[in-house]
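Hello,

Here is the structure I promised to pass on. Have a look at it first, and my notes follow below.

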Amino acid sequence: YRIMPALQYSLDKEREAGIKKGIEKGREEGLEAGRQETALRLLEEGVDAKIICRCTGLTPESVEKMREKFREKLRKENDSETE
């Protein structure tokens with residue numbers, strides 16, 4: 001069973017567009033993960049949240065959430081060391 005050339009061309013173009021869209025989404029997710037990792041490292045070094053936001057492009061809310069998670073992690077580590 002053969003697909004008409006015009007239909008095959010259309011399917012090929014849609015497939016290419018889907019692949020490009022997937023690659024772009026993957027890049028965006030990778031960049032976001034990198035920004036979050038950088039922000040976490042800066043938080044660990046005690047850098048001010050405003051500077052982290054300016055340098056990473058993350059929102060103040062997301063940096064504050066990261067700060068709270070980091071503080072919670074430190075509390076758990078300190079609690080386990082004192083036991």
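Thr56 counts as buried because its relative accessibility is 8% (buried means under 20% relative accessible area, exposed over 50%, partly exposed in between, with a 1.4 Å probe and protein chains only). Before you read on, please note that this is a predicted model, in which local features need pLDDT of at least 70 and side-chain atom pairs count only at pLDDT 80 or more, while totals for chains, interfaces and linings use all residues. Residues are numbered from 1 along each chain as its sequence is written, and side-chain values use heavy atoms, with hydrogens and water left out.

Thr56 belongs to helix α2, residues 49-56 (helices are DSSP runs of H or I with at least four residues, numbered from the N terminus). Its side chain reaches the backbone oxygen of Ile52 at 2.7 Å and the backbone nitrogen of Leu58 at 3.2 Å. Leaving out residues up to four places away in sequence, Thr56 touches Arg35, Thr38 and Ala39 (contact means heavy atoms within 4.5 Å). Ala39, with that exclusion, touches Ile52, Thr56, Leu58 and Met66.

Best wishes

Terms used: Helices (H or I, at least four residues) and strands (E, at least two) are DSSP runs, numbered from the N terminus. A polar contact is a pair of N or O atoms within 3.5 Å; within protein, one must be able to donate a hydrogen and the other to accept it, and residues adjacent in sequence count only if both atoms are side-chain atoms.
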